[in-house]
Amino acid sequence: MGDITKENTIFKPELLSQALLDSFKKLNPLCIWRNPVMFLVEIGSIITTLGFLAGLFFKTGEPSWFTGAVSLWLWLTVIFSTFAESLAEGRGKARAESLRKTRTEVMAKKLVNPESKEKFELISSENLRKGDRVLVEAGGIIPGDGEVVEGAALVNESSVTGESAPVVRESGGDRSAVTGGTKVISNQIIVRITANPGEAFLDRMITMVEGAKRRKTPNEIALEVLLISLTAVFMLVVINFNSLITYSVKAAGQGVPVSITMLIALFVCLAPTTIAALLPAIGIAGMDRLFAKNVIALSGRAIEASGDVDILLLDKTGTITLGDRQAVEFIPLPGSSEQEVANAALFASLTDETPEGRSIVVLAKKKYQMRLTALPHSAKSFPFTAQTRLSGVDIDMDSYRKGAITAITEYVKNKGGNVPSELEEIVKSIAKSGGTPLVVCHNAQILGVIHLKDILKGGIRERFVQLRKMGIKTVMITGDNYLTAAAIAAEAGVDDFLSEAKPEDKLRLIREKQQQGHMVAMTGDGTNDAPALAQADVAVAMNTGTQPAREAANIIDLDSNPTKLMDIVEIGKQILITRGTLTTFSIANDVAKYFAIIPATMITIYPQLDILNIMHLANPYSAVLSAVIFNAIIIPMLIPLALKGVKYRPMPAEKLLMYNLLVYGLGGMIAPFIGIKIIDIVISMFI
Amino acid sequence: MTAMEIFFDIGVMLFFLIVLTLLIKPLGTYMTYVYQGKRTFLSPILVPLENLIYKASGIKQDEEMDWKDYAKALLLFNSLGLIVLFLILLFQGILPLNPRGFPGFPPDLAFNTAVSFVTNTNWQAYSGETTASYLTQMSGLSVQNFLSAATGMCIAIALIRGFTRRTSQTIGNFWQDVTKSVLYILIPISIIAALLLVSQGVIQNFDPYANSSLLQSFQTQDGQSINNQILPMGPVASQEAIKEFGTNGGGFFNANSAHPFENPTPLTNYLEILLILLIPFSLTYTFGRFTGNTRQGWALYATIMMLFTIFLGVMYWSEYNGNPIVQKLGVTGSYMEGKEVRFGIGGSVLFAVSTTGTSSGAVNSMHDSLTPIGGMIAMLLILLGEVVPGGVGSGLYTILAFAIVAVFIAGLMIGRTPEYLGKKIEVFEMRMSVLIVLTSGILVLIFVSIALVTYAGISSILNPGQHGLSELLYAFASASNNNGSAFAGLNADTLFYNILTAIAMLIGRFVPGVAALAMAGSLAKKKYIPPGIGTLPTHQITFVLWLAVVILIVGALTFFPAMSLGPIVEHMIMNAGQ
């Protein structure tokens, strides 16, 4: 699947030919009915085609090449529209196909008695039901979505995520979810199946990607209301136009009534065909772009909602900061040197395998060029315990310890040492800056303090700046105390934070913000995030997350990268912007089409109206045909834009509106004048 | 016309618009207080009266209605008004206060007239002074002048409440709103206006028609000599005030505000224009006050005023340039056909733009005689859906529907699912807005098509040719948009036109009205979304321009063919000197 996600070209030859085939299948009226505007265009094409055929045998008022050409281009208008949709779907289908390949039927070892893994029966994965427990051994394929209830294993999930490095899946905690179709590499686990066949994660992904079950989103329906109403009005305009012409021919005593072909041409040109043709493609392509970023939206609504998100809740750990704290500085107390502190800290940490401990060693070696790599054999290490709350080593008579201020104070006092008055000051200042102070002592003497710090992920600050420009407020959630949280929040540049947060606090915060009318997005992976995820408007679950978290979410991030939300927001906005700009463009086009068709149809009655023929089109037939052709070819010309989406520029709403109005509104008004004129020049070379 | 005169006209119009603008805030604030139930300086007198009305009619004051109850009450109220007026018209012959002994209206005309006054249209297929008794004028037509105006204001206020209430099921109490509209707003100002009009010479009496001998006798074509004329009398001033202030426009006399007893001096002329524009413009401020951000109201004002000024300028330019054919005949000076000399071009054009821009339909000049472009402007102002600034109440709720359509597209363009004033615009709001915005246009297209292809439709056209087309178009534009003014030259008092225009008026009034209430109900239920930096600002210049463009584009796209074959062709023919 990896190769597909990287692919960025729109027009792949094999996709193109398939799409072309599908676009003809979609001409079936029962199928095109879903798009009422294009349905009417198709009916128009049928009528003009009949007119053309009739013109071959009977004498009609207009040249049959004209009726024929208009019919042809009307059919092309419909086909371009079905082609756009097929093309968007085709890309999704190709992805779905590759996903489906991974969903092979496997034989599962279903435990007969859930309590014992000794007895199992072999059954097909198709027959597994929710609640069944299966044993999966090294080299085996996990037969369905589920939760590890016993054991731990390395699992290769590349079939779903495209990521080849295996991940740990273990019972209990936040890494218990497994996906059907992934492969166990080592150890054995017992999995409780949580989805019936056909309802599994992969199946949902496939249906979403295929666009088969894609329901129109509320916003799409609202836009359709507008488009269909306008189309209805234009139909009446054309009927009214016919009456006006009939009356005027009588009143003026000259001229010819307007033909059915002309009326239908006028209708199709006025109807917002451009946006109506591309509307389905825009939505499907949006999902597809998300998928290309390894994000699966479980509903189109969620993507649209993400465009509206104005508050983003982020877990501190793993999202804003790297998972672990790191030592950044050694601060000596009066009477000792930095070197001494570093030395003592190094001794106290050499046997400490925690990430913090390792970071102390790294700092001591890097900054103070300490060479010591191993302790003498006589050394005795004291790992951190809940009772002592400190760790360190004893080397012969020397003891080195590090720990929280209270623990070290107690330790030193027991040894008869005293606590320098400056210590408190230093410890406080570190805590205030968001760091964690670790006090270091050598025997009964306190030497200094290690400054442990949360390290921000690279580039995170810039991303928050970008989010702010998009109008999204970031809220950091952390279990840290208020002071630490405040310091990290300030450093990362988040707008707000929630400290000492428990799961119910998250839920409450989301409810509160929603009550105030905000749209809240949240990323999470743990089971305790599930309630909050279910409450959030846009809930992104990490693919590494637990099953409850994934079920509560409406978007799954296969890369498990929490800042992915920014991409999701961007694509959500892009979909809306593309819809809005193409609607504006489509309607703005009508002005020029009026100026092409109206004078052409009226000129025989009132030659004075030639003044409205501001494009100086050659003759009435080529004028009408040019408008119809322009109306048709603008659709394929805009397919790339519809599939890629209009670029979203983070800038104030007012400016963005002005920009898009100028480009697509004013541009949409001017472009067809030029386009129609050029087409007219070409046509008049032949007739 | 000299440069001096143009300079004078423009100066007067500018002064007028400034005075109008200065009055918006006080009246808008006053209306806000009235509808919010706050104390105003009139409360000491009116509160007891108001309570008495509630007590007498059994209205519970604090009972709130959801949109369905509100709409039911409103429709019931208007149906009753329609029936009562219909009966008065039908039986005026046997009712008192009928010094001329006019017979009852024929049923189709009575129906048309009753619908016309109940829908705030005041389309008149009859001539007041030769058809309607004093009783009909005062207790029939004038009463509806008040009530139809109040109905429009109620819908507007209900919609405003929809925007400003949060997660609320109700949108106000219709009976209370309608009482307050009449009692606190329409009656007090109408009294003052009527007194001012009387001071300028507008008549107010129940006298029989006066007979005066002519200074010079007059020979008719068949040789009869006529020595005296009949001067119609009546309680004109009281009706004139509400006719303008409620954007009704139904004249006491057939000549409407061109008649010296309705509109005797340039001063009354400007006063009447001011009355026409006052409530529609001030409601934009009321809207802003209600939403807590007056800039939202001023943005609507700016949109409307911009369009108003443009249309005014074009019509003035067209009328000033006049008709080259007439000029060739040696008539110098500005184009005065159909205009009253005491108002001049400036006073006539300002009136024409105001009366067509609002749904008033009162006239002080003959719109039929405007230059083709001038007539097209008048027609366009109506065809845009009556939003520049539109009728009392109806103008506001229509432009709000336009604003929702504008917000919808603009919102998409900035990447948000659209919201207006903190309320999400969803499928239901779009449906209702589209109904409000497009209904009148659809009616015009359908009815004009019907009239053009039926004998009954065409046979009423007195001026064959493209001007006849313009007249027909104007008639249905006027009826569907509840304006009421007319290009003369169309014999409208036929069964065909009486029924068709009545249907157009009813649908054009109540479909958008009920849609606005439904939208109010749906909006009120929604929660409020606070604006952020990603929110589309609807009080800034970009949105003002965009809203104006949306209004113009919708109108232009719907009526471009009709305009081309009507006024534009006429203009070409005129310029060609044919």
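**Chain B and its interface with chain A**

In this predicted model, 60 residues of chain B are in contact with 61 residues of chain A. Between them, chain B and chain A bury about 5300 Å², and carbon and sulfur atoms account for 75% of that area.

Specific polar interactions across the interface can be listed next. One salt bridge is counted between chain B and chain A. The partners are B:Lys424 and A:Asp308, whose closest N and O atoms lie 3.5 Å apart. Eleven residue pairs, both members at pLDDT 80 or more, are in polar contact between chain B and chain A.

On the side of chain B that touches chain A, at least two residues come from each of helix 14 (394–413), helix 15 (427–453), helix 17 (466–480) and helix 19 (541–575). Helix 19 of chain B gives the most to this side, with 16 residues. Sorted by class, the side of chain B that touches chain A comprises 41 nonpolar, 14 polar and five charged residues.

The fold of chain B itself may now be considered. Its secondary structure consists of 19 helices and four strands. The radius of gyration of chain B is 23 Å, close to the 25 Å that the globule rule gives for 578 residues, and chain B is therefore as compact as a globular protein of that length. Along the principal axes, the C-alpha atoms of chain B fill a box of roughly 80 × 60 × 50 Å. Of the 578 residues in chain B, 65% are buried. Among contacts in chain B with a separation of 6 or more, 80% join residues 24 or more positions apart.

Conventions. Residues numbered from 1 in each chain as written. Chains lettered and ligands numbered in written order. Predicted model: local features only at pLDDT ≥ 70, side-chain atom pairs only at ≥ 80, totals over all residues. Heavy atoms only, no water. Contact = heavy atoms within 4.5 Å. Buried area = accessible area lost by both parts, 1.4 Å probe. Salt bridge = Lys/Arg side-chain N within 4 Å of Asp/Glu carboxyl O. Polar contact = N/O pair within 3.5 Å; in protein donor to acceptor, adjacent residues only side chain to side chain. Nonpolar A, V, L, I, M, F, W, Y, C, P; charged D, E, K, R; others polar. Rg over C-alpha atoms; globule rule 2.2 N^0.38 Å. Buried < 20%, exposed > 50% of the residue type's maximum accessible area, 1.4 Å probe, protein only.
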